[in-house]
Structure formats: structure tokens, C-alpha cells
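Me: I am new to reading protein structures. Could you walk me through one, feature by feature?

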Amino acid sequence: MKLRRPAPRRSPAVRSHSVRARKAQSRRAQLRELRSRMARPGAARPGGVPWPVVARSPAARRLGACLFLAVIAAVVTGPSGDADRPLAGIEGSFTPARAAGFAAGGLALWALSIGADRLTTRLRSAGHGAALGGGRLAALGGGAWVTPAGAAWASFRRGRWAAFRRGRWSAPAGNLALLAVAVAVPPLLSTAAQQALVSEIGIYALLALGLNVVVGYAGLLDLGYIAFFAIGAYTTAYVTSADAMPWHAPWQVNPFFALPVALVVAAVAGVVLGGPTLRLRGDYLAIVTLGFGEIVQLLANNADGVTGGPRGVFGLPPLSVDLPGVHYSWGLRPLPYYYLLVVLIVLVMVVFGRWERSRTGRAWTAIRQDEVAAEATGVATMRMKLLAFAVGASVSGFAGVVLATKQFFNPQTFGLQSSLLVLTIVIFGGMGSRLGVVLGALVLQGTAFLLRDTVPPADRYIYFGAVVILMMIFRPQGLLPPRGPRAPASPGPAAAPERPAVPTERAGAPGPAGPAASTEAAR
Amino acid sequence: MTGRPIPGPRPSTTLGPVLDVRDVTLRFGGLTSLDGVSLRQDRGSVLAVIGPNGAGKTSLFNCLTGAYRPQRGSARFWPADDGVELVGRSPHRVARLGVARTFQNIRLFPEMSAVENVQVGVEVRARPGALRGLLPTRAVRREERETLDRCHELLDFVGLGHRAERPAAALAYGEQRRLEIARALGTSPSLLLLDEPAAGATAAERTDLVTLIHAIAGRGISVLLIEHDIRLVAAVARAIVVLNFGRVIAAGRPDEVRADPAVVEAYLGEPDERRDGP
Ligand SMILES: Nc1ncnc2c1ncn2[C@@H]1O[C@H](COP(=O)(O)OP(=O)(O)OP(=O)(O)O)[C@@H](O)[C@H]1O
Ligand SMILES: [Mg+2]
């Protein structure tokens with residue numbers, strides 16, 4: 001970091017010491033962050049940094065990421081191979097000219113990102129300096145040119161913008177604005193886009209909101225989440241139609257009543273799956289839920305006599321309201337379904353927002369952060385985890401009802417890829433953040449929709465993979481991470497974003513294999 | 001506080017034991033980490049458990065709080081006049097009965113603020129029903145306010161009132177230890193288990209800790225304490241139990257214990273101070 005602006009007035013020894021200390025501190029903070037992130041899904045991973053040693057320097061890491069991105073771009077834009085010569089596509093993608101071009105592109109991206117970073121650090125530090133000591137820093141020379149801009153930026157950030165954000169009406173106002181956009185824009189879009197808004201974005205946003213409870217709040221990694229979606233959809237088929245399925249419930253109900261039915265059935269399924277499996281931690285839970293998802297899909301596929309098998313389900317009645325005086329059917333157009341989804345999503349977000357800040361939400365957070373401590377503090381961890389599972393499952397069931405009344409579906413709709421897609425959306429959007437996961441669905445699925453003509457469907461997941469990897473490197477907390485504990489109330493520089501935290505002693509406490517760790521093992 | 005369905009903190013006025021551990025044996029494969037441990041603690045008293053490293057002190061705590069299940073033995077606990085068995089209950093049940101603990105390696109909820117950490121403990125005694133929080137009725141609001149008041153009161157009690165909004169991970173080491181105590185007190189225990197609360201503490205912090213433990217006992221809460229610093233132990237505890245290789249080798253008043261030849265022998269080559277210091 002030779003580009004650091006020289007700090008005048010300090011002796012070199014002091015300076016180099018403080019720079020080193022600061023660097024070490026920030027590196028420690030990063031490491032800690034990484035550890036706590038890894039520990040999130042509830043499992044205590046025995047020691048070790050899960051990242052190769054070379055990759056610890058941020059610049060090197062970033063270079064790797066950019067080159068990686070270049071490789072992916074090269075492969076995706078290159079020719080495709082075929083069964084006879086499977087590697088032809090790869091070879092064709094890396095002709096010398098192309099390889100050089102993409103490598104240059106990767107390097108350029110890296111340089112650009114480093115440069116942008118430097119600039120923001122400078123702006124920020126100049127801004128702090130100015131905010132702290134008036135024009136003193138500027139008078140001292142070095143970097144005077146950025147100071148006014150930095151100061152302006154800083155005062156904007158801390159001043160009016162911060163006041164606005166803290167203000168009482170800012171959150172409702174922002175939410176209303178978003179809602180207005182969500183309501184006003186879709187009618188202007190093409191039918192294909194509206195279709196995507198319903199079946200690609202809206203339904204997945206709902207799914208992501210449900211999975212967010214399981215993964216984001218309670219910290220349980222559930223890879224079979226899509227199974228509850230399937231359960232909701234098939235339940236709807238059973239209770240709303242007498243001829244779509246080889247078997248049906250003895251009575252048929254209006255699809256709207258399928259909502260509560262599917263909610264209950266999916267929640268029960270969540271409890272049935274969770275009961276025996278939630279005692280498992282971390283990786284084991286992930287594997288068992290993965291198995292559950294596969295089983296449900298296989299059942300849907302193979303139990304022809306009950307589910308209709310691979311043909312899938314079609315001809316379910318659309319949603320409709322038949323009250324005296326009010327007759328309305330959602331029919332086949334996507335827009336009405338879109339608005340229904342908006343209502344459902346807003347409803348779920350409001351309810352979960354309350355829940356998140358309640359005792360239940362705190363108990364989930366506690367479990368996510370340290371299950372042993374939560375249990376010892378009296379939190380009924382098993383019950384709370386079951387609740388998270390059931391709540392997530394029932395939201396998924398809701399989404400299943402909308403899917404089933406809207407369109408054709410078959411067992412393939414509920415494949416592992418869909419499960420992973422929902423998980424990707426949650427991680428991408430920001431685990432634990434309601435608005436984040438909805439935006440995540442919009443951005444990821446929207447991108448997929450926009451690229452549908454240029455990128456073959458099979459390649460979509462390459463992009464998803466790349467996006468998620470980049471996200472994990474540059475913004476591991478997700479697009480719109482949840483707000484943490486409120487920042488310390490004390491004004492001034494203490495509120496700066498990068499304040500170094502005093503290290504928790506958990507990682508480096510004397511006797512790392514001590515009883516606290518063994519408590520974990522013993523149970 | 002509003003109606004609580006679980007036996008609360010009210011210490012019974014009758015004297016008698018708060019804890020009676022009988023013949024607890026815990027094995028891990030071939031390793032016996034507790035070997036027929038028995039001890040008895042009077043209500044409202046401070047009892048210290050000392051012993052060299054690996055003696056089984058933390059294992060004893062884990063057996064009492066349901067984290068480990070001993071192969072043999074019983075531990076009766078009197079939250080009020082009626083005793084209950086602790087062995088065989090899950091940790092959260094034990095906590096709800098009124099036994100709270102801290103951990104030797106601090107285990108806070110690192111990203112939650114100090115006050116939220118305590119809140120998790122306090123809310124364990126709240127009215128049941130996960131759905132109650134959904135509707136902000138007046139009763140729910142009042143409960144939330146009372147909970148917060150109690151949390152702040154507890155933070156003040158341990159001297160962390162000014163740190164209430166800080167994330168737990170951003171607190172200093174000693175503050176984290178005190179926050180763990182506040183969180184444990186939040187569950188309204190009648191018995192508090194402290195696992196080496198003075199580990200890594202400075203001399204001044206030790207003095208504060210002695211005061212704090214006296215204040216906790218002054219609230220009628222019995223304290224079972226693991227500690228290596230014999231002077232600190234002598235300052236707070238009327239009775240000491242010495243463990244070595246999973247057995248109780250001595251028990252009694254601090255001065256008696258200190259003079260006991262078996263204790264001197266157990267600690268030979270392993271002075272009290274060994275694990276102390278930062
Ligand atoms: N989960 C476990 N699995 C295997 N052995 C264990 C486990 N927990 C404790 N032990 C063993 O039991 C013995 C007692 O350990 P314990 O942690 O209770 O000692 P301690 O008295 O608390 O020591 P220290 O002063 O170091 O904290 C040790 O030999 C330890 O290795
Ligand atoms: Mg110990």
C-alpha cells in the first residue's frame with residue numbers, strides 16, 4: 001500500500017507502527033468476520049480458516065475473482081462442445097486471441113475496482129478528517145484536492161441523509177415509494193415480462209422470504225426447502241380439482257381456501273421433517289433436508305397413481321372470488337396474479353417484520369449466533385427451530401398455491417436446482433433481510449429474464465454461480481444486509497463504519513479445546 | 001414482573017440446601033472425569049469449587065445444567081420449598097427451573113447488542129406463545145417495556161449501563177464476562193453457576209468481581225463458583241469444595257481447606273496463580 005497519503009507531523013517510526021497496527025487490525029477484523037460468517041449456520045466448525053493462505057490479501061483475492069470472472073465470461077461466450085468432442089467448447093473459448101483479450105479484461109476490471117476503492121477510502125478519510133478537525137488536514141497539505149469533495153460527501157452522509165434515515169418517517173416513506181413502483185410499473189411492461197414477474201420473480205420472492213426465516217433468522221441450512229413448495233402445489237391440486245389428479249379430496253374448495261389448507265399441510269410437513277432432523281447440526285441438517293427434497297420430488301415423479309407422475313398437473317381452476325355481487329376470476333393473464341403476489345409478499349413482510357423484532361426473533365438470532373448459550377439461557381432451541389421450519393414451510397406452501405392456480409407444473413418444477421436457486425436468492429439478497437431477499441429475487445431472476453434470449457437456459461447457472469462467488473468475495477453480507485444492533489449512540493468518529501471491535505476471545509481463548517467446545521461435541 | 005408460570009427467583013425463606021449433589025459419575029469412554037462427586041450447598045450461600053486443570057469442575061457444571069448426562073448420581077435442586085431433580089433435564093429446562101450459568105470460554109451472542117443479550121434471558125420468563133409478539137396490543141407493549149426496564153436495571157447492576165447498545169463482540173473482555181453474568185441473572189435464577197469469572201481479569205476487576213458476587217448473594221441468589229484464585233475465593237465463599245481427578249478431595253472453610261495436606265499435594269507444582277493473568 002504505497003499509495004497511502006503520507007501523514008505529516010508524525011515521526012516515521014510512529015507512523016509505520018500505527019499503519020501496521022491498523023492493517024493488522026483490519027485483517028483481524030476480516031478474519032473474525034469470516035469466521036463468524038462460517039459459524040452462522042449453527043455448526044461449530046473446528047478451527048481453521050477456510051480460505052487459502054494466498055487469498056488473504058484483499059488485492060490478491062480481488063485479482064483472483066476478476067480473473068475467474070474473465071474465465072467464466074470466456075467460456076460462456078465461446079462456442080459449445082458436443083458429445084463427441086466434449087472439450088471442443090473449452091478449446092474454442094481459449095484461442096490465444098480470446099485468452100489474451102479476456103485476461104486483459106479481467107486485469108482491467110481489477111485495476112478499476114482497486115482504483116475505485118482507493119478513491120473511496122481517500123474520500124472517506126478526508127471527509128472524516130474534515131469533519132473532525134475543520135480544515136486542519138487540508139491546511140497540512142497532502143490530498144488537499146479531495147478534501148472539499150470528501151467533506152461535502154461526509155457532511156451529506158452524516159448530516160441530512162443520516163438524519164433522514166434515522167428519522168421517523170424515512171422507513172415508511174421509502175417502503176411506500178418502493179411499493180408504488182411495484183404497483184405502477186408492471187402494467188407498462190410486455191406480457192412476457194409480466195409473466196416473468198409472476199412465475200420467476202414473485203413466486204421466488206415469496207419462497208425466499210420463507211427460506212429467509214429458516215436460514216437467515218434461525219441459521220438452519222435447509223437444502224430441501226422446495227419440497228414444501230411442491231407440497232403446497234400438490235395440496236392445491238387435490239383440494240381444488242376433481243379431475244386434474246388421479247386422486248382427489250372428497251370435496252372441492254375455492255382455490256382461495258387452498259391457501260390456509262396448504263399453509264397447514266406444509267407447516268405439518270415442516271414439523272414432521274424437522275422433528276427428527278433438527279437435532280442435527282450444520283452440515284448434517286443440510287444433507288438430510290437435501291434428501292427430503294429429493295424424496296418428495298421422486299415421489300411426485302414416480303407415484304403415478306397419486307401425483308400424476310411426470311406428466312405434471314394442469315387444468316386446475318384459477319383463483320376466483322364468488323361472493324354475492326362480486327365475481328372475479330384471476331384467469332390466465334399474469335397481471336392479476338402479480339398483484340395478488342404483491343399483496344401476499346407485503347403481508348408476509350409486515351408479519352415477519354413484527355416477528356423479527358419480537359421475543360421470537362431474538363430467540364432465533366440467539367440460536368443462530370450460539371446455540372449452546374441460547375439453550376443454557378433457557379431458550380427452548382428445539383421448539384424455536386421447529387417453529388422456524390414450520391413458518392418457512394408454510395410460506396413455501398403459500399407460494400405453491402399461487403403456482404398451482406396460475407400455471408402448469410410437474411415434478412421438475414421442484415428439482416434441487418430450484419432449491420439452490422431460492423437459497424442463492426437469500427444469500428445474494430442478504431440473509432435475514434426481508435427487503436434484501438425480495439430485491440435479490442428481483443435482481444437475480446430479472447437478470448435471468450433479460451438474458452433469456454442471449455444465454456441458453458443451461459448456462460444460466462454458470463452466471464448464477466459467478467454472481468454468487470463475486471458477491472461472497474466483495475459483499476458477503478448480501479445486497480441489502482439486515483441492520484445489526486443499533487450503532488453506539490455516542491456521536492463523532494466512534495460511529496464510523498470501520499471501528500475495530502475488540503476481539504471476542506472465543507477463537508483464541510486459552511485452552512481452545514476447552515469444555516465449551518466439548519459441550520458442543522457431547523451433545 | 002407479570003405472571004410467570006415457572007418457579008421464579010423468590011428465595012424461600014426457609015433455610016436448607018439449594019443444591020444437593022450425590023455420587024455423580026461421568027465417564028467419556030475410558031476417561032472418568034467425575035467419580036462419585038457429592039456436595040451440598042446452603043440456600044443463599046456462595047460455594048466455591050476449586051481444583052487443578054482437568055479436575056472436572058466444568059464437567060460438574062455441565063452435568064448440573066443438563067449439557068452432559070452423568071452415568072450415575074443425582075442432583076437435587078430446590079427452586080422453592082419443593083426439590084426437583086436436575087439430572088436428565090435438557091439445559092433450557094434447567095435454566096427455566098432457576099439454574100443459570102456462565103461459560104469458561106465466554107459465549108455471548110456476538111452480533112446482538114448488550115441489552116439484547118440480556119433480553120434473551122429475561123424473555124425466557126415471559127408469557128408463552130410465539131404469536132403474541134405479532135399483535136402490538138397494549139399488554140404486549142407493556143411487557144416489552146417491563147422487559148427492557150429489567151434488562152437495563154441488570155446492565156446497571158453489573159456496571160454495563162453505558163454499554164447497552166454496543167454489540168457484545170465490541171465489548172472489552174472483562175465487560176463481556178460481566179455481560180454474561182447479566183444475561184444469566186436475566187433468567188431470574190435462584191442458583192447461579194460461574195465458571196472462572198475472574199479468568200484474565202486485572203486486580204481491579206477482581207475487586208469489582210468480589211463486590212459483584214457479594215451483591216448477587218445479597219439478592220438472595222446462591223452462587224456456585226469455579227475459581228483458581230484462592231484469595232478471591234476466600235473473599236467471597238464461606239465454603240470450598242476441592243476436586244482432583246474427578247473426586248472430591250477436601251471440603252470445608254477456606255482456611256481449613258488451605259491447610260489440608262491433600263489439597264497442598266494436589267496443587268504441588270501447580271500454584272494457584274498458574275492460569276491467572278491475562
Ligand atoms: N466432551 C468431553 N469429551 C471427552 N472428555 C472430556 C469432555 N469434557 C471434559 N472432558 C475431560 O474431562 C476432564 C475434566 O475436564 P473439565 O473441563 O471438567 O476440567 P476443569 O476442572 O474444568 O479444568 P480447567 O481448570 O482446565 O477448566 C478432562 O480430562 C477433560 O479432558
Ligand atoms: Mg473448566
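## Reading the model together

Reply: Happy to! In helix α2 of chain A, the buried residues are Arg62(A), Ala65(A), Cys66(A), Ala70(A), Ile72(A), Ala74(A) and Val76(A). Keep in mind that this is a predicted model.

Me: How does position along a helix relate to the way a residue points?

Reply: An α-helix has 3.6 residues a turn, so residues three or four places apart point the same way.

Me: Which residues have the most contacts inside the largest nonpolar core?

Reply: They are Leu206(A), Leu207(A), Tyr234(A), Phe409(A) and Phe414(A), in a core of 103 residues. Helix α8 (residues 191–217) of chain A gives the largest share of this core, 15 residues. A second, separate core has 46 residues, among them Val122(B) and Leu209(B).

Me: What does Leu206(A) touch, leaving aside its neighbours within four places in sequence?

Reply: Its contacts include Leu341(A), Leu344(A), Val395(A) and Phe398(A).

Me: Is Ser45(B) buried or exposed?

Reply: The cut-off for buried is under 20% relative accessible area. Ser45(B) has 8%, so Ser45(B) is buried. This serine lies in the loop between β2 (31–42) and β3 (46–50) of chain B. Beyond residues up to four places away in sequence, Ser45(B) touches Ser222(B), Val223(B) and Arg238(B).

Me: Now the metal. Which residues coordinate the magnesium ion?

Reply: Thr58(B), through OG1, and Gln104(B), through OE1, coordinate the ion at 1.9 to 2.1 Å. The two are 46 residues apart and link distant parts of the chain: Thr58(B) is in helix α1 (residues 57–64) of chain B, while Gln104(B) is in the loop between β6 (99–101) and α3 (114–123). Both Thr58(B) and Gln104(B) are buried.

Me: Why is the site of ligand 1 said to be shared between chains?

Reply: Because residues from chains A and B surround ligand 1. Of the 17 residues around this ligand, those that come nearest include Gly54(B), Lys57(B) and Thr58(B).

Notes
Residues are numbered from 1 along each chain as its sequence is written. Chains are lettered from A and ligands numbered from 1 in the order in which they are written. This is a predicted model: local features need pLDDT of at least 70, side-chain atom pairs count only at pLDDT 80 or more; totals for chains, interfaces and linings use all residues. Side-chain values use heavy atoms; hydrogens and water are left out. Donors are N, O and S atoms within 2.8 Å of the metal (3.2 Å for Na, K and Ca); water is not among the atoms, so sites may look incomplete. Helices (H or I, at least four residues) and strands (E, at least two) are DSSP runs, numbered from the N terminus. Buried means under 20% relative accessible area, exposed over 50%, partly exposed in between (1.4 Å probe, protein chains only). A nonpolar core is a set of buried Ala, Val, Leu, Ile, Met, Phe, Trp, Tyr and Cys residues joined through side-chain atoms within 4.5 Å. Contact means heavy atoms within 4.5 Å. A residue is near a molecule or strand if one of its heavy atoms lies within 4 Å of it.
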